[in-house]
Amino acid sequence: MSVVDRKGEYSEMIEATTGQEFPLREAHRLVRDLMTPNPWIYWIDFLVHISLGWGAFITILSMPLSLPWQLLGGIIAMLAFYRAAIFIHELAHLKKGTFRLFRLVWNVACGIPLLIPSFTYDGVHNDHHKRDIYGTDKDGEYVPFATLKPVVMIGYVMLSFILPLFFIIRFLLLTPLSYLIPPLRKLVWERASSLTIDMNYKRAETAIRNDKHWKIQEFAAFVFITGVVAAIAWDVLSPRFLVLWYVIAMFIFFINSLRTLSAHAYRNPGDRPMEFAEQYLDSINVPGNLFITGLWAPVGLRYHATHHLFMSMPYHNLGEAQRRLVNGLSDNTLYLKTVRTSMWDALRRIWGEAVSNTRQADVSDPHTTFEDAVGREKNA
């Protein structure tokens with residue numbers, strides 16, 4: 001089976017697990033002019049949305065309690081902050097050493113105030129795209145949800161509601177303590193410094209690509225949250241500031257958890273690497289609607305399978321790439337296998353697979369009688 005090597009050299013065809021071959025070279029020819037990011041699009045998109053987010057945030061704090069208007073402002077702030085925050089994904093993929101000013105501004109205006117500085121994703125996410133790591137137990141962004149009990153997915157989504165507290169503890173308490181306790185410093189780096197979905201993920205010491213000065217980002221996040229807490233304690237800031245921050249962060253994580261579950265099929269149990277074509281077929285595109293789908297899968301993430309084909313393609317060209325590949329491939333059968341009509345469609349499918357696989361496991365479990373398994377299936 002021919003594959004794409006790490007230098008980006010493309011083979012003529014990739015044989016997929018179905019026995020068909022994915023026309024990778026043909027696909028690359030169709031989109032090779034779409035690989036250059038446009039800095040103006042990045043700057044305008046990010047600055048508009050981060051300004052909208054902070055504008056709505058400050059407006060809510062300055063107005064008297066009024067549920068309808070504050071609810072509307074909260075939704076606007078959450079969606080604007082969410083889109084701005086998702087640029088952390090682009091930062092992980094931009095060519096090494098480029099967009100340095102953009103990275104700095106993103107961290108100052110978004111990453112550090114939301115306690116998700118770019119180093120928490122840098123390097124970690126790049127491993128997710130490596131052929132020998134994707135879908136294995138070394139991939140912090142992969143859990144084989146489709147092979148596990150459905151309750152695992154529920155637990156993952158529910159975790160969103162306490163994640164902001166984890167990040168507060170991480171930067172407010174663990175950061176200064178880790179300066180004083182060297183063993184804790186190592187533990188914090190390995191277990192509490194990565195935006196991942198696998199709770200067992202252990203970050204490697206070398207898992208850094210662009211953010212060589214990550215310690216400055218870490219300290220800045222510590223200073224920010226410490227300043228907020230101190231300002232509230234001294235009545236300089238209202239406690240509403242932290243409450244609103246927490247609620248917005250909580251719903252950002254909640255929406256992103258649903259998007260994450262819609263991004264892959266999560267079928268690989270993690271005991272073996274997946275070939276490149278398998279990785280593509282395990283990923284999902286939800287082209288959907290520009291305005292609706294773009295709210296929950298912003299900055300190109302609704303074309304997640306296409307992104308896994310061409311991980312260096314800037315987000316603003318993924319829609320055009322999708323159009324060309326659907327209409328231009330001599331055989332687009334395999335390409336279309338990754339398409340879902342909506343988030344609901346993607347979630348329904350992975351939930352159904354998890355339920356089915358759990359029932360099969362119950363039947364094969366020597367401690368479970370066939371009658372028990374059939375009875376559960378009839379009651380389901």
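Is Y142 buried or exposed, and what is its relative accessible area? Y142 is buried, with a relative accessible area of 3%; buried denotes under 20% relative accessible area, exposed over 50%, and partly exposed in between (1.4 Å probe, protein chains only).

## Basis of the model

This is a predicted model, in which local features need pLDDT of at least 70 and side-chain atom pairs count only at pLDDT 80 or more, while totals for chains, interfaces and linings use all residues. Residues are numbered from 1 along each chain as its sequence is written, and side-chain values use heavy atoms, with hydrogens and water left out.

## Aromatic pairs

The structure contains 27 aromatic pairs. Rings of Phe, Tyr and Trp (its six-membered ring) pair if their centres lie within 6.5 Å; planes under 30 degrees apart count as stacked, over 60 as edge-to-face and the rest as tilted.

Y42 and Y315 form an edge-to-face pair, because their ring centres are 5.1 Å apart and their planes stand at 85 degrees. Y42 belongs to helix α2 (residues 39-62) and Y315 to the loop between α14 (304-309) and α15 (318-328), so the pair ties together parts 273 residues apart in sequence. Helices here are DSSP runs (H or I, at least four residues), numbered from the N terminus. Both Y42 and Y315 are buried.

The pair Y142 and Y266 is tilted, because the centres lie 5.2 Å apart and the planes at 50 degrees. Y266 counts as buried at 0% relative accessibility.

## Aromatic cluster

One aromatic cluster is formed by Y42, W43, F46, F87, F99, F102 and Y315.

Conventions: Helices (H or I, at least four residues) and strands (E, at least two) are DSSP runs, numbered from the N terminus.
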